[in-house]
Amino acid sequence: MKKRILKIAAFILAVALIYGVACFANSLVGNPISKMMARRTAQKHLEAQYADTDYVIDSVSYSFKVGGYFVHIVSPSSMDGNFTLWVSMLGKLTNDDYASRVEGHRNVASRLFFEYRDMVDGVLNSYAYPYTVDMGFGDLEFQRELGEEPIEGALELSDLVNDQFYNVGELGAKNGKLVLYIDSDTVTYEKAAEILLKTKEMMDGAGISFYSVHLVLRYPPYDAQESYKRPEGEINLKDFLYTDIEEDGLIERIVKCAEETQADYNRQDNEK
């Protein structure tokens, strides 16, 4: 009797373990049945909502973060027409981001953003750029942060046109921003001025315009493996305008911007 009970208990334990492993695996990678249901739900949604288009399902992928499937939709005739459907494990449609990405032009904005970033990277990562860049990139902003004044002449999301080609180098004149964290043994206003002038010169030479630059000039870390440990002292210039990067009076404008940047950070700290 005891042996029989032990066998039953062992069997129940084994079943429980198998069930647990299956549930765990299902939560991490999904399962074929749910994936098939997600594809079917997506296909029905396309037929109902996008019948007069050439949209097709490109892929179905499981996301353990949302506990469901992402169904990626593409249009062979539109480079900015892609969007994603979210479908639950039970095959229920939970989200369609067409309105945001296609109608809201976020696909266009993303395409232009990466084109601009690649152009800027080409300069900052080149052997000709004479400074040690700890972090540096270009950004195209089509939405200003809350509280920031709009830039006259800058394009907004609503101004963008799907599938239209833009000269992103020229677009940067009103929508472009550079972010530069430079490591240097010399942290002075004069060094900051040198960096701004050289960066402007090289960007102009590459046909890359920008509206402003956020430059942080600081000392290199004591140890490359612990980049957060550095000598004290840095120059932080937030939103320094391209039009202000001129030799005449540049040091004075740098000092003024550094003071305004610090005052803004102090204000933010006080608000917290």
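Me: Which ring does Lys-200 lie over?
Reply: Lys-200 lies over the face of Tyr-242, at 4.6 Å from the ring centre. A charge counts as over a ring if NZ of Lys or CZ of Arg is within 6 Å of the ring centre and within 35 degrees of the ring normal. Bear in mind that this is a predicted model, where local features need pLDDT of at least 70, side-chain atom pairs count only at pLDDT 80 or more, and totals for chains, interfaces and linings use all residues. Residues are numbered from 1 along each chain as its sequence is written, and side-chain values use heavy atoms, with hydrogens and water left out.

Me: Switching to ring pairs, how many aromatic pairs are there?
Reply: Searching the whole structure gives 11 aromatic pairs. Rings of Phe, Tyr and Trp (its six-membered ring) pair if their centres lie within 6.5 Å; planes under 30 degrees apart are stacked, over 60 edge-to-face, and the rest tilted. One of them is Tyr-50 with Phe-83, a tilted pair at 5.1 Å centre to centre with 45 degrees between the planes.

Me: Where in the chain do Tyr-50 and Phe-83 sit?
Reply: Tyr-50 is in the loop between helix 2 (32-49) and strand 1 (56-63), while Phe-83 is in strand 3 (residues 78-88), 33 residues apart. Helices (H or I, at least four residues) and strands (E, at least two) are DSSP runs, numbered from the N terminus.

Me: Is Phe-83 buried or exposed?
Reply: Phe-83 is buried, with a relative accessible area of 1%. Buried means under 20%, exposed over 50%, and partly exposed in between (1.4 Å probe, protein chains only). Tyr-50 is buried too, at 12%.

Me: And which residues are in their cluster?
Reply: Ring pairs link Tyr-50, Tyr-55, Phe-83 and Tyr-98.
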